[in-house]
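I opened my notebook to look up a few things in this structure.

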Amino acid sequence: MALVRAKKRIASSCAAWLARARWGILRSSSAQMAVEFAVVTPVVVAVAFILLNGLIFVGDCAAFDIAARDAIRLQADDGWEDGSAAEVRLRIEQRLGMDHESVEVVCEKTGMGHIRYTASARFAPPFLEGVSVFGVDVVGLRHEVEFTVSPYRKGVVV
């Protein structure tokens, strides 16, 4: 009988020790996870912010390409005029309707009477103006599209 009680006592003390050991391990690893989470979270947020702005920029570039192509085709029917670049810029801005982009259009004659339109958009969200990261100023992104139009075949981009 004494032997059975001793075995039960040893078994219960071993079980108690194992339970304390398990809880001790769980407590230390959960604290480690909290520290790792606190260290990794700002990095993940920064990467997500950059990725989100990159995707917005890519979407804006696609919309700008379509709007610029359509505006230049409409202007190609009118031929060469002094204010053609301003008209193309106005059409692009009306189609895009975005506050965080500025559009510039340059129009020039090339060889054989062709007309080259260079349209560029500058992507600069208002929350990034004047921001610097680690001492480096954040500048707006720029996207440029160039089309050469034939005045002899109306609406045809060369």
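**Ground rules.** I am working with a predicted model, where local features need pLDDT of at least 70, side-chain atom pairs count only at pLDDT 80 or more, and totals for chains, interfaces and linings use all residues. Residues are numbered from 1 along each chain as its sequence is written, and side-chain values use heavy atoms, with hydrogens and water left out.

**Aromatic rings.** I searched the whole structure and found 1 aromatic pair. Phenylalanine 57 and phenylalanine 123 make up this tilted pair, at 5.5 Å centre to centre and 55 degrees between the planes. (Rings of Phe, Tyr and Trp, the last by its six-membered ring, pair if their centres lie within 6.5 Å; planes under 30 degrees apart are stacked, over 60 edge-to-face, and the rest tilted.) The pair joins distant parts of the chain, 66 residues apart: phenylalanine 57 sits in helix α1 and phenylalanine 123 in strand β2 (residues 115–123). I took helices (H or I, at least four residues) and strands (E, at least two) as DSSP runs, numbered from the N terminus.

I looked for cavities and pockets on a 1 Å grid over the protein atoms alone: in a cavity a 1.4 Å probe fits but cannot get out, while a pocket is an open set of points with protein on both sides within 12 Å along at least five of seven lines; lining residues have an atom within 4 Å of a point. Volume is the space filled by probe spheres set on the points, which are joined across faces, edges and corners.

The structure holds 1 cavity of 30 Å³ or more.

The largest pocket takes up about 390 Å³. Its lining has 17 residues, and Phe49, Asn53, Leu128, Val138 and Val139 are the closest to its centre. Here too α1 gives the most, with 5 residues.

**Salt bridges.** I counted 5 of them, each a side-chain nitrogen of Lys or Arg within 4 Å of a carboxyl oxygen of Asp or Glu. Aspartate 70 meets arginine 95 at 2.4 Å, N to O. That pair links helix α1 to helix α2 (residues 84–96), 25 residues apart in the chain. Arginine 89 and glutamate 93 bridge at 3.0 Å; both lie in α2, 4 residues apart, about one turn of the helix. I also noted a network that links Glu108, Arg116 and Glu146.

**Surface patch.** Which residues form a nonpolar patch on the surface? Val35, Val39, Val40 and Val44 do, with about 350 Å² of accessible area together. (Patch residues have over 30% relative accessible area and no salt bridge; like charges are joined within 9 Å, and nonpolar side chains, meaning Val, Leu, Ile, Met, Phe, Trp and Tyr, within 5 Å.) Valine 44 belongs to helix α1 (residues 2–76).

How values were computed:
Areas by Shrake-Rupley, 256 points an atom, 1.4 Å probe, with all protein chains shown as cover.
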